[in-house]
Each structure stands twice: as C-alpha cells, then as structure tokens.
Amino acid sequence: MSEIRVVVVDDHPVVLDGVRLLLRDDPAIRVVGGATDAESAVRLVARTSPQVVLLDLRFPDAVASELVEPLRRAAPGARIVVFTAYRDHAALRATLDAGVDGCILKDAGATDLVSAVRQAANGIAIFDPRVDDRAAPRMRSRLHETGLTQREYDVVRHAAAGRTNPEIAEQLGLTRHTVTGYLRNAMRKLNARNRIELITKAAKSGLL
C-alpha cells in the first residue's frame, strides 16, 4: 500500500502529538494534520484527503455523530474511526449508529493503533471488543449470524492484528491450547481452511 494519510480530530491538541508518537515508527503512515473543532476538521479533511480519520466524541461546536456525514462528503474515500477514552459513553453509541468504520480506545498501544490504522485503510472495520456491548448492536448481530462466541471473536480479532497464538494467549489470559481451540472453532463456523482465509472471511462478514 502507498502512504496512509491520517487526520486526527480531537479538541485536545496533545492527542495529536500522542498519535504522531505512536505511529512514528511505521514509515507507511503519516499524520497529515489535526483539528480541534468540527468546522476546521471538515476543511482539513477536504484539503488533505486522508485514508483514515481518527475522531473524538465531542468538540466545542459539535458532537461526533453530527460530524460523520460532513466528513464523508469532504472525503468520500476516508475511513472514519472513533478514537475515544470512553467505552460506554452515550455519545459513542450515537456515533456508532451514525455509521463510522471502527472504534479504538485511546489506551491502545502503538502496535494496536498501527494495526488498526492499516486495517482501516484497507477497508476492514475495527471495533475494540471492550466497547460497551450496548454501543455495538450491529456487531452482536453479526456474531449471532456467524455463530461465533465473543471469546472466539476476540481471538480472531487479535489474529487479524497479526499476533501469534502465544501473543494472543498472553493478551487474553488464555492458554495456547485454548487459543488454538478457539481458532479451530472459528474456522469451522466460517468455513475457513486456514488462518488467512479465516481473517478474510471474518472481514467479509463485517466482523473486522
């Protein structure tokens, strides 16, 4: 993939510096600017045509749910990803319902954020599994349709982020054997023959 341009929309300027710091080691990702209010965000996105917009929940002149549609008009190809510290905020539920492409919590480490930005730029929806389940009814529906349990989904999500089975086990507090079992169950339910096909089918099902 060519350079991935990222815009950060957050009313705390320090967040922009933090995102730059977390993403600086990936030469394919460039933060092209930040905005602290809705009006300047729309202008910036229209001018820079980013692949990914990291969007906070509240601004002096708007809430995020009101900003989704103007941002889409400004850059139709951009993937809009909520970037918030609040996993159960009412504004988050409204913003997810507005049709964003993902949600990342601000305590994500550099590896998680880089992976999320890359996957978002590739058209994969990324929703942090810690987000309050009331905020993601569509995800619950997709899990029901595929038959995956929440834990199987958690393992698939970490696999899609490029983690090995031992790394997934450490992240989720599971044994390696249990992780392998969850992956096998997910492959069976999604009719996938291997790990790559599992991730591809999970993405096509709207799970990633």
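Me: In what order do the six strands of the open sheet stand?
Reply: Happy to walk you through this predicted model, where local features need pLDDT of at least 70, side-chain atom pairs count only at pLDDT 80 or more, and totals for chains, interfaces and linings use all residues. Strands (E, at least two residues) and helices (H or I, at least four) are DSSP runs numbered from the N terminus, and two strands pair if DSSP finds at least two bridges between them. Here the pairing is parallel, and the order is β2-β1-β3-β6-β7-β8.

Me: Which strands are the edge strands?
Reply: Look for strands that pair on one side only. Those are β2 (29–35) and β8 (126–127).

Me: Which residue in β8 stands opposite G102?
Reply: Residues are numbered from 1 along each chain as its sequence is written, and β7 covers residues 102–105. Two bridges join β7 to β8, and these strands run parallel. Opposite G102 stands I126.

Me: At about what angle does helix α2 run to β2?
Reply: Helix α2 (residues 38–48) lies across β1 (4–9), β2 and β3 (52–55). Axes are lines fitted to C-alpha atoms, for helices over the stretch in contact (heavy atoms within 4.5 Å). Angles run from 0 to 180 degrees between N-to-C directions, and this one is about 150°.

Me: What distance separates the centres of domain 1 and domain 2?
Reply: An automatic or database assignment sets the bounds, giving domain 1 (4–127) and domain 2 (135–205). Taken over C-alpha atoms, their centres are separated by 25 Å.

Technical notes: Side-chain values use heavy atoms; hydrogens and water are left out.
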